[in-house]
Amino acid sequence: MTSSTTGARRGRRGRLLAATAVVVLLVVVAVILLPRLIEPDRALRAEASAVASTYLHAIEDGDGDAAAALLEPTDETRACPELLTSEVYREVADRPSEATITDVEITSGGTGAVVDFLYEPDPAASSIGTLHLRQDGETWSVTDVSDLVPERIVVSLAGPGDLTYEGACTLPSDEIDTVVAFPGSYDIAYTDPANVGTAEPVTV
């Protein structure tokens, strides 16, 4: 066997090994990238679903601090912010529970998501809800057009007076329009202007 024949075999073997390595590399790349090419929104849906699930569990557990942290920032001035804290919300009755996500749709070119879910406001009923999420950089937030986000507490008064919400804060009647709270039943006590008497708490 001549040295030229040996060199040719080694050359063919080297080319074969190089070709095999290229094929293996292409297979690995295909395995990683193909699902993303076929279903590019999969990772985004997983992220949005995780945020929505965290928010819904926080509402069920009464963890107002965690739920509030996932809300989209707002410049709106809100009276009685204590109602959005865990300390107060954990004591609130009739919080939504047993939420189950049924669908996640990515919108706005990948910067938004619509998450549908089922939940139980009480043992005898089941409701359909939707969370609208927006992505800013790497962060997803729950927007104020969603279900189960803080809403204004509306109380009708015949005259002036003070309202005390869940024993957490007291406001005069002319400042109650900006009070918002997570879903649930809240005790609100009314005190007349002369402080002669206090009405029994009401649930909203």
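Mentor: Let us begin with a definition: the expected span of a helix is 1.5 Å times one less than its number of residues. Helices (H or I, at least four residues) and strands (E, at least two) are DSSP runs, numbered from the N terminus. Helix α2 (residues 42-61) has 20 residues and should span 28 Å at 1.5 Å a residue, and its end C-alpha atoms are 28 Å apart, which agrees. This is a predicted model, in which local features need pLDDT of at least 70 and side-chain atom pairs count only at pLDDT 80 or more, whereas totals for chains, interfaces and linings use all residues. Residues are numbered from 1 along each chain as its sequence is written, and side-chain values use heavy atoms, with hydrogens and water left out.

Trainee: Which residues of α2 are buried?

Mentor: Buried means under 20% relative accessible area, exposed means over 50%, and partly exposed lies in between (1.4 Å probe, protein chains only). In α2 the buried residues are Leu44, Ala48, Val51, Ala52, Tyr55, Leu56, Ala58 and Ile59. Viewed down the axis of α2, these buried residues fall within an arc of 155°, so they line one face of the helix. The arc is that of the directions from the helix axis to the C-beta atoms. After α2 comes Gly62, with a positive phi near 75°.

Trainee: How many helices and strands does the protein chain have?

Mentor: The protein chain has four helices and 10 strands. Along the sequence their pattern is α-α-α-α-β-β-β-β-β-β-β-β-β-β. Of the 204 residues in the protein chain, 31% are buried. Contact means heavy atoms within 4.5 Å. Of the contacts between residues at least 6 apart in sequence, 51% join residues at least 24 apart.

Trainee: Where in the protein chain is confidence lowest, and where is it highest?

Mentor: The term to know is pLDDT, the predictor's confidence in each residue, from 0 to 100. The protein chain has an average pLDDT of 81, and 73% of the residues score at least 70. Confidence is lowest in helix α1 (residues 3-38), with a mean of 50, and highest in helix α3 (residues 64-69), at 97. For residues 21-34 the pLDDT is below 50, and this stretch has two contacts in the model beyond near neighbours in sequence.

Trainee: How many aromatic pairs does the structure hold?

Mentor: Rings of Phe, Tyr and Trp (its six-membered ring) pair if their centres lie within 6.5 Å; planes under 30 degrees apart count as stacked, over 60 as edge-to-face and the rest as tilted. The structure holds two aromatic pairs. One of them is the tilted pair of Tyr89 and Phe182, at 5.2 Å centre to centre and 40° between the planes. Tyr89 belongs to helix α4 (residues 86-89) and Phe182 to the loop between β8 (180-181) and β9 (187-191), so the pair ties together parts that are 93 residues apart in sequence. Tyr89 is buried at a relative accessible area of 0%, and Phe182 is buried at 1%. In the pair of Phe117 and Tyr119, the ring centres are 5.6 Å apart and the planes lie at 45°, so this pair is tilted. Both Phe117 and Tyr119 are buried.

Trainee: Which charged end sits over the ring of Tyr89?

Mentor: A charge sits over a ring if NZ of Lys or CZ of Arg is within 6 Å of the ring centre and within 35 degrees of the ring normal. Here the charged end of Arg95 sits over the ring of Tyr89, 5.8 Å from its centre.

Trainee: Which residues does Leu84 touch, not counting residues up to four places away in sequence?

Mentor: Leu84 lies in the loop between α3 and α4 and is buried, with a relative accessible area of 12%. With those neighbours set aside, Leu84 touches Gly64, Asp65, Ala68, Arg78, Pro150, Val180, Ala181 and Phe182.

Trainee: Is Asp94 buried or exposed?

Mentor: Asp94 is exposed, with a relative accessible area of 51%, and lies in the loop between α4 and β1 (97-107). Most residues other than glycine have a negative phi. Asp94, although not a glycine, has a positive phi of about 60°. Glu98, in strand β1, also has a positive phi, near 55°. Glu98 is partly exposed, at 48% relative accessibility.
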